[in-house]
Amino acid sequence: MPQASPFIVHNTKFNTILGESPTLELLAENEAYPFAHEAGVFIPSRNELYITSNRIQDPSGIQRVQITKVHLNDASASGSGSGLVTCEELSVPIPMANGGVNYKDGVLICAQGSLDMPSGLYYMSTTPPYTTNIIASNFHGRPFNSVNDVVVHSDGSFWFTDPIYGYEQGYRPAPRLPSQVYRFDPVDGSIHAMADGFGRPNGICFSPDEKIVYVTDTDWIHGGGTTDDTRVSSM
């Protein structure tokens, strides 16, 4: 029996990107925990990729997320398969990191927060000791729920999503804000809610001309893992 393709195409135009016979090659894995889950921020000048893991449940019951730096080695020197990448686990104080994006010489990372550390946007340097600082953690005094994903507009502003997954998964207090999309200006510190009416806003990106912002609403699946077919799962 032929093996099922790992690619699902809903629009034939996607084939112009995939090509005639797309394939997947496993470059790195970690059997101890799902280390490659979100972010995927590539730093071309350093040939490095920063990724965040899925939730890890420690034996003590504490939930955490691991940030990993993946260095892409020279394929001609390493050969294919194993050895093509080198992974380094980073120890940085970003609580439950999730989505991220390139920003200046570092990485802008969404922190979903914890019961005692705020959710928000953090800036992390890409050189040791990987210093971090929080940029935004609240909307006019009310703390964010669990900031999920972020993109940077050409005008320098940050657009990001804030669903309630952290509360549903037991590591954030009860929500004090609706699930919304925000715009933060790092120059003057102003912040605005740009879109509401979502169930669980998740991924976010702009069209090439930045006239449209796309937001995925993953309301179909809740933080505890239950699904509801009457809820949206759309962009």
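**Sheet, cysteines and aromatic pairs in a predicted model**

Cys87 has a relative accessible area of 40% and is therefore partly exposed; on this scale buried means under 20% relative accessible area, exposed over 50%, and partly exposed in between, with a 1.4 Å probe and protein chains only. The model is predicted, so that local features need pLDDT of at least 70 and side-chain atom pairs count only at pLDDT 80 or more, while totals for chains, interfaces and linings use all residues. Residues are numbered from 1 along each chain as its sequence is written, and side-chain values use heavy atoms, with hydrogens and water left out.

The cysteines may be taken next. The structure holds 0 disulfides, a disulfide being a pair of cysteine sulfur atoms within 2.5 Å. Cys110 is in no disulfide, and the nearest cysteine sulfur, that of Cys205, is 14 Å away. With a relative accessible area of 0%, Cys110 is buried.

A glycine leads on from Cys110. Gly100 and Cys110 are 10 residues apart in sequence, and their C-alpha atoms are 5.9 Å apart in space. Gly100 is found in strand β7 (residues 97–103), where strands (E, at least two residues) and helices (H or I, at least four) are DSSP runs numbered from the N terminus. Gly100 counts as buried at 12% relative accessibility. Leaving aside residues up to four places away in sequence, Gly100 touches Ala39, Val41, Leu108, Ile109, Asp149 and Val150; contact here means heavy atoms within 4.5 Å.

The description now turns to a sheet. Four strands form an open sheet in the order β1-β2-β5-β6, with antiparallel pairing; two strands pair if DSSP finds at least two bridges between them. Its edge strands are β1 (38–43) and β6 (85–90), each of which pairs on one side only. From one strand to the next the twist averages 20°, with axes taken as lines fitted to C-alpha atoms, for helices over the stretch in contact, and angles running from 0 to 180 degrees between N-to-C directions.

The bridge partner of His71 in β6 is Thr86.

Aromatic side chains give a further view of the structure. A pair of aromatic rings is described by the distance of the centres and the angle of the planes. Rings of Phe, Tyr and Trp (its six-membered ring) pair if their centres lie within 6.5 Å; planes under 30 degrees apart count as stacked, over 60 as edge-to-face and the rest as tilted. By this rule the count comes to 8 aromatic pairs. Phe139 and Tyr182 form a tilted pair, 5.1 Å centre to centre with 50° between the planes. Because Phe139 lies in strand β11 (residues 138–139) and Tyr182 in strand β15 (residues 180–184), the pair ties together parts that are 43 residues apart in sequence. Both Phe139 and Tyr182 are buried.

Trp159 and Phe206 form an edge-to-face pair, 5.3 Å centre to centre with 80° between the planes. Trp159 belongs to strand β14 (residues 158–162) and Phe206 to strand β17 (residues 201–206), so this pair ties together parts that are 47 residues apart in sequence. Trp159 and Phe206 are both buried. Finally, Tyr103, Tyr123, Phe158 and Phe184 form one aromatic cluster.
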